[in-house]
Amino acid sequence: MYMGHKHHGKSSAKFLDSNEILSELSFKGNETFMDAGCGDGYISIKAIEEFLPEGVVYAVDIHDESMEGLKEYKNENNVENLINVVADITEGIPEVEDSSVDVILMVNVFHGFKSSQNEDVVVEELKRLIRDDGKIAIVDFNPIEIPHGPPVDIKISPERLEELFAKHNLKRIYLNEELGADYPNGKSHYMIMFINE
Ligand SMILES: C[S@@+](CC[C@H](N)C(=O)[O-])C[C@H]1O[C@@H](n2cnc3c(N)ncnc32)[C@H](O)[C@@H]1O
């Protein structure tokens, strides 16, 4: 199994199971998928190898160096349908056309936009990218005290995301608050999913 190159120590590979996350997305196998804020890309690679044999995967990150391992993987394995994009989501992803993505996934990224006050521009950009019947899935830390991840006040609750996305006419279709690692006070992560109203 490809383990990826770790940069910035930010990959969630050690505590989140890519299979568990991708299984939630009900892929048919030919979708266009975006791993937004992909880090070392362990989820993008799993998606290409096991979920989207006929699909396209955009692996997007602001840090070019996070994606070194992903680029190496792409070249070594000749995977044409994996597309690396270096972009700042708060500035937009001009490489990717309007209404062209079936599923966008963001894992452990969105809480960072809360502190930078860029939440609304990010939601608008995600909305621009998805097809009319596309979906946006956010996986982030449940707002409880656990030994890893950001402090509780930086974490963002699913309720808060629901309010935020509703302002952009995106409605919640799914919430699973039981993802990731087990702690006495709950699971480490949730997934919430949105579609156009
Ligand atoms: C905690 S890491 C999670 C990486 C990956 N999703 C995972 O779960 O392993 C957050 C990632 O989001 C990326 N990121 C943060 N802000 C971003 C932005 N404005 N545009 C694109 N990527 C961003 C960071 O470079 C980092 O790779």
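Start by colouring two pieces: the domain assignment gives domain 1 (1-6 + 29-86) and domain 2 (99-197). Keep in mind that you're looking at a predicted model. The C-alpha centres of the two domains sit 20 Å apart.

Next, find where they meet. Eight residues of domain 1 are in contact with 10 residues of domain 2. Select strand β1 (residues 32-36): with five residues, this strand gives the most to the side of domain 1 that touches domain 2. That side of domain 1 is made up of four nonpolar, two polar and two charged residues.

Now for the largest nonpolar core, which has 52 residues. Select Ile104 and Ile136, the two that touch the most other members. This core lies between domain 1 (1-6 + 29-86) and domain 2 (99-197), because both give residues to it. Stay on Ile136 and show what it touches: leaving out residues up to four places away in sequence, that's Ile104, Leu126, Ile130, Leu170, Met193 and Phe194.

On to the ligand. There are 18 residues around it, and Ser12, Gly37, Gly39, Ile62 and Val107 come nearest. Which kinds of residue form the shell around the ligand? Six are nonpolar, nine polar and three charged. Both domain 1 and domain 2 supply at least three residues each to this shell.

Last stop: colour by pLDDT. The chain's mean is 93, and 95% of its residues reach 70 or more. Residues 1-8, though, have pLDDT below 50, and this stretch has 17 contacts in the model beyond near neighbours in sequence.

How values were computed
Residues numbered from 1 in each chain as written. Predicted model: local features only at pLDDT ≥ 70, side-chain atom pairs only at ≥ 80, totals over all residues. Near = placed C-beta within 6 Å. Nonpolar A, V, L, I, M, F, W, Y, C, P; charged D, E, K, R; others polar. Domains from an automatic or database assignment. Core = buried A, V, L, I, M, F, W, Y, C linked by C-beta atoms within 7 Å. Buried ≥ 20, exposed ≤ 12 C-beta atoms within 10 Å, placed from the backbone. Contact = placed C-beta atoms within 7 Å. pLDDT = per-residue confidence, 0-100. Helix = DSSP H or I, 4+ residues; strand = E, 2+ residues; numbered from the N terminus.
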